[in-house]
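User: Please take a close look at the sheet in this model. Walk me through how it is put together and what lies around it.

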Amino acid sequence: MRNIYFDHAATTPVHPRVLEKMLPYFSEHFGNPNSPHAFGRRAACAVDEARDAVAACIGAKPSEIYFTSGGTEADNWALRGAAHALADRGRHLIVSAVEHPAVLSVAAELEREGFEVTRAPVDAYGAVDLAALQRAIRPDTVFIGVMAANNEVGTLQPVKEVAALAAARGIAFFTDAVQAAGAMKLDVKELGADMLSLSGHKFYGPKGVGVLYVRSGFRLARLVAGGHQERGMRGGTTNVPGVVGLAEALRLAQETLEENAAHAAALRDRFVSRVRREIPFVEYNGHPERRLPGNANFSFRYIGGESLLFNLDLAGIAASGGSACSSGSPEPSHVLLAMGVPEGLARSSIRFSFGRGNTAEEVDCAVDRLKEIVVRLRALSPLFPKDLKNEVFPQEA
Ligand code: PLP
C-alpha cells in the first residue's frame, strides 16, 4: 500500500533544488558568517545573498529582513517585541481569535505581565469581523495581529483592510504569513504590514528557519539576546544552510506560484466535491472560495477526529486534526470554536492539505479509503443514530 501525504500545511518536503543549494554550506562552506576570515566571509556572502533574495520576494529592503529559528520565533518576536517597545504609548493589544498558538500563547503571557489583549472575533468562515475589530480599537491600542491565512481552515483574512484600520490610528500591524507564503503573492507594501513572519518548511524549504520582516523605522525590542548577529537584533550564529535554503525555496515558490496554486486547488476541489457527494453528514469548514488553494477541512459527524486520523494513518493516509503543532492534543480546535462550530463537530474535524507531489489518483484512492473508514467507524459509534442509514453514496458516473 502506498502512503499518501495530505498534510502539507504541517510541513513540506525540501525541494531537490533547495537541498542542492544548501548542501555546500554544511561542509565545504561551513564558516561562521561572523568570522573575519575567508571561511567566514564566504558564509556571510551567502547570508547576504539569501537576505537580498527574501527581500526581493516580498517587496522589502534587505535591511528589513531578520532570520529566525522559524515561524514560532518570528511570531513570538513580533508580538512580544512590539508590545515591549510600544508599552510607553499603550498596553492594549488586539489579535484575531484564530491566530496560531505561536501568537495566542504569547498574548496570554503578555496578559499575565499586565498587558490587555482583545481577541478579535471571526465570522462563521473564520474571517476576522472588521466591524468588531474596529470597535475593539482603543486610544491605548498599540498592536494588531491578524494572520494572512489560517492554518487550520485555510481562510484568507482581509489583511489589507485590517492594515488600513491600523495605519489610520497609528497602530502597529503584524501579519503571520507562514501559511500564505507559497500560496499567494506577498508584498509587504501592498499588504501594509509593519511586520510579517515566514517559515521555511511550509514552502518546500528546510525546518528550523524563518523570517521576520520589520518595516524600517519600526521600533521592536529584541527577543533573543546574545551576540551582534542580525544587526544586533537577534543573537545566535546564523543557520547558514537554513537561510540559503529558505531563500531558494521562497524564490522557487514565487516563480511557480500560479502553477503550484492551480495544481493544489484542482486536487483540493476534486477531493472536496467527491467527499461532499459521496459521504453523508459532513460539514466543509472554512470559506468556500476565499481560502488557501491546498486546504480542505471537514467535520465528519458522529466520528471522533482522533480515531478517524488514526484509522486514516493505518490506511496510509497522512492528514491532520486541526493545527499541526497541537495535533495529539484532545482539545477541540480553538479556530473552529471561534467560528461557532459546536464542540462535538469541532472534535470530529480533519484537515487535508495538498501539495506539489500529490496526484489525482492519490485523491481518488484516499476518498475510497476514507469512505470505508467512515462507514466502519460510524457503525461502531454510539453517537450514530440507529435510524440513520450508515452508507456512503456511490460515485456518480
Ligand atoms: N504560524 C502559522 C500560521 C503556522 O501554521 C505555523 C506552523 O504550523 C507557525 C506559525 C509556526 O511555524 P514553525 O513551525 O516554523 O515554528
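Analyst: In this predicted model, seven strands form an open sheet. Read across, the order is S2-S8-S7-S6-S5-S3-S4. The pairing is mixed. In general, strands of a sheet pair through backbone hydrogen bonds, and they do so either parallel or antiparallel.

Now the edges. Strand S2 (65-68) and strand S4 (116-120) stand there, and each has a single partner strand, so one side of each lacks a neighbour in the sheet. Neighbouring strands are also turned against each other, by 20 degrees on average, direction ignored.

Look at one pair in detail. Strand S3 (residues 92-96) pairs with S4 in the parallel sense, over five bridges. Within this pair, Leu-93 stands opposite Val-117 of S4.

Next comes a helix. H3 (residues 71-86) packs on the sheet. Helix H3 touches S2, S3, strand S5 (141-145), strand S6 (172-176), strand S7 (195-199) and strand S8 (210-214). The direction of H3 makes about 160 degrees with that of S7.

H3 also matters for the ligand shell: this helix gives the most to it, with three residues. The shell has 14 residues, and Gly-71, Thr-72, Asp-176, Ser-199 and Lys-202 come nearest. By class, three are nonpolar, eight polar and three charged.

A polar side-chain atom of Thr-72 lies 2.6 Å from a ligand oxygen atom. An N or O atom in the side chain of Asp-176 is 2.7 Å from a ligand nitrogen atom. For Lys-202, an N or O atom of the side chain is 2.6 Å from an oxygen atom of the ligand. Taken alone, the ligand exposes 390 Å², and the protein buries 91% of that.

Technical notes:
Residues numbered from 1 in each chain as written. Predicted model: local features only at pLDDT ≥ 70, side-chain atom pairs only at ≥ 80, totals over all residues. Heavy atoms only, no water. Pairing = 2+ DSSP bridges. Helix = DSSP H or I, 4+ residues; strand = E, 2+ residues; numbered from the N terminus. Axes fitted to C-alpha atoms, helices over the stretch in contact; angles between N-to-C directions. Contact = heavy atoms within 4.5 Å. Near = heavy atom within 4 Å. Polar contact = N/O pair within 3.5 Å; in protein donor to acceptor, adjacent residues only side chain to side chain. Areas by Shrake-Rupley, 256 points an atom, 1.4 Å probe, with all protein chains shown as cover. Nonpolar A, V, L, I, M, F, W, Y, C, P; charged D, E, K, R; others polar.
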